[in-house]
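Hi,

Here is the structure I promised to pass on.

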Amino acid sequence: MLQPELEDAVVSPSPSLEASKPRARSRRNLLRAAAAASLCAVAGGGAAHFLTACDEGPDPGEFDENAMLRQIADNVMLPVLVDFDTSAGALEAAVSAFADGPTEATLATAREAWLAARAVWKQSQAFAFGPVKGDLSAAIDWVADPAAIDDVVATGGPFDSASVDKLGTNRKGMMALEYLLFDPEASDADVVARLEGNGAAFARALGQNLAAKATTLREAWDPSSGAYVDEFGNAGTTSDLYKSPKDALDALVNEILFLADTAANLIAAPLGLKTGGTPAPELEESRLSDSSLADVENRVRGIDAIWEGRFGDLDGLGLSDMAGSRSEALVSDVRNAIDKSFEALEAVPVAMTAALTEAPAELEAAFNAVIALKQIIGSDVVTVLGVTLTFNDNDGD
Amino acid sequence: MTTTATDRAARGLSRAVDPASLVAFRVALGGLVAVASIRFVAKGWVAEHFVDPRHYFPYWGFEWVRPVSASGMYAVYALMTLAALGVAAGALYRVSAATLFALFTYTHLCDKTHYLNHYYLVSLLTGLAALLPLHHHGSVDAWWSKRRGRAPRAWPAAWVLWLVRYQVGLVYFFGGVAKLGPDWLVHAMPLRIWLARGTDVFLIGPIFRYEATAYLMSWGGAVFDLSIPFLLLYRKTRPFAFAAVLAFHVIVGRLFQLGMFPWFMPAFATILFEPDWPRRLWRGWCAPSSPPSAPAWTSKIGMRVAAVYCVVQALLPLRFLVYPGNVLWTEEGFRFAWKVMLQEKNGVVTARAVDRSTGERFYVAPSDYLTPLQERMMSTQPDMILQFAHMIRDDFRTRGRDVSVYVDARVSLNGRPSRPLVDSTVDLSNEREGLAPKRWVLPMPKDPPRF
């Protein structure tokens, strides 16, 4: 704090401090004028607001972001994971039935169950944070190594969920099951014949393990056990992980942006867009089940669910409602981009493996549509919702 | 008449001034940069900024500046911290200050991804510190000199103090000038976006719900920046002005992730106080024994060099005026111009490489080359987009392909609908970086912000 008695005892007085009284008066007047100008400017700012705020929707501040996060958690996230748990349970049962009686019919049922579980799993990638990060995600869905799986089968077992737990991620999970259940090069009868014995037993263990992982994931979110749904849904109130609604929103929007990017890349890579146009079917995500295109579509479906706040019969607030509190035009633009992605994906007349050679133009159109969706999320949605892109703790400005 | 005024100004600037505020400034500068360097290492940014990336975005003319090895960069930061402490203590001052300036500037020349206005300010201030006699008093060097029986050094000339004041004041003033645009004043952008995200801030958060708050803060912020250097210089307004500085930086520090910025600026702003303010604050700090002395010939040369520096620093922030288009969109003349907190800009970039011989097309995702932070920063800045295109061209060249590179960049600025930032039909592999306007940058969209 400055000491008044020393205020005038300037060691090296400058000309300004030797000013005469009229000069001091002049400075005071200048100061008053500056203060008045400042007040006018601030008042002008307020006036400018009231004059320009004419064609806007509701005040963004009125939107209940906590309610939106809670409803997305309750109406989309948890139900998707419950559905995945149920689907994985059905897959376990179907694979067990196949193992008990390997026939083409039980194989077909197991394949259908695999595709159903796969579909909801890919939708859940729209919120692939929290408990699923790391080991759990890898145990459920990782690139399979056929030779390594053959080696495991060749050991003869015994196989159960616990023994599968000890295996590396390239020998278990959905993709290991896909390798066992699907073979586009072989007839169904050949697949059944190949799996009889050790193969079917291992498939059963894989199904059991996958179902256990799905249950673990669901329980981690369930309010009666891990209660991650409350961590996300109560961001900024009782949540320990998300100190503010913005933290949760940032996590969610970054995730759907990443998902759109992944979806586009999963078309680009096999189509050869990254390698000069030469198709590379080996880069398909789910080549054996020929469901790579469905994987892409289900990712977009996951984005759609978060955007609308809707899954199955459950419907509540979603990101679109928050965006709508700021810009109805953006809501319409994003809806349009999502719809165009679906349309472009559905316009591919055959599954991806065949489309790589038979319908590359349609596939590229689907790629472009998904890229457009990524662009609008990464630029407009992020801006309007005030989301911080790319988590890092670097400083700004 | 002019000659008389110039002479009077020269005489005034040659007058000796109490070095106390310059000593306080030196201690603050060195101390805070030392803390910033330690913080930088502790947060793991050495690896993130200098080791993890496979490509860098050097500044035009400084393409030769590259990070050294990982251990080398850690050594750079260790040395930088020591040099900063040396500056604070005034120990081996010239070597310490020159080393600090060289190392700090080097680390920030490596990659423009990490450009920050206050890093640039620190570079300038450490550069000035290396040249100015800030160590003649209140320093280890002065103490050592006294112990060896040498006479105390003369007080610095007033121009030394005013040069540092000018540099610090310029940050605020041009920060205010930059706010005199329609986005800031008419649309209250980007504050309307940012404040809406800060409604949970303790105590003041609820008022951010109102758009009027954004307008008041925008206009108030502009007035604050434009006037604060002058209000800090004037004795009667100084206490209120400094209280406003503290409040301003506490609020922006709480609202935004600004790191050391809210610490640097209030500390640096004290240079605008009376030269003897530290002596008044700490009465135990005895009056200097050295009498004022006449300026040496070096002071006269220094004054002329300082005048040139001041002119350059006044013109540099205005260079955007010679480029066509809105600087917030084109970013030509955006850096080194104190354009602080002016934009909420987000974009997505995709690129295509086309083999000139075979016509084969390659879709290129930025993540194939860049870290997430590099990708984010590149996506909205045309010069970095050009550098990214050249990265792709050079990479394909190493694989035996001669390619054209086309970039699709959609960018949203301050709440406007996203629009293409660059002409996606222009082969950027042929475009050269330089000071000339970038003709391939598309005009800023005329749309108003979405809300």
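Met378(B) sits in helix α17 of chain B, residues 372–378 (helices are DSSP runs of H or I, at least four residues, and strands are runs of E, at least two, numbered from the N terminus). Met378(B) is buried, at 0% relative accessible area (buried is under 20%, exposed over 50%, partly exposed in between, with a 1.4 Å probe and protein chains only). Beyond four places in sequence, its contacts (heavy atoms within 4.5 Å) include Phe57(B), Val349(B) and Phe388(B). The C-alpha atom of Met378(B) is 9.5 Å from that of Lys112(B), 266 residues away along the chain.

Keep in mind that this is a predicted model: local features need pLDDT of at least 70 and side-chain atom pairs pLDDT 80 or more, while totals for chains, interfaces and linings use all residues. Residues are numbered from 1 along each chain as its sequence is written, chains are lettered from A and ligands numbered from 1 in the order written, and side-chain values use heavy atoms, without hydrogens and water.

Ser418(B) is in the loop between β3 (403–413) and β4 (419–420) of chain B. Ser418(B) is buried too, with a relative accessible area of 5%. Its side chain makes a polar contact with the side chain of Asp380(A), at 2.5 Å (a pair of N or O atoms within 3.5 Å; within protein, one must be able to donate a hydrogen and the other to accept it, and residues adjacent in sequence count only if both atoms are side-chain atoms). Ser418(B) also touches Ser379(A) and, in its own chain, Arg410(B), Val411(B) and Ser412(B), leaving out residues up to four places away.

Cheers
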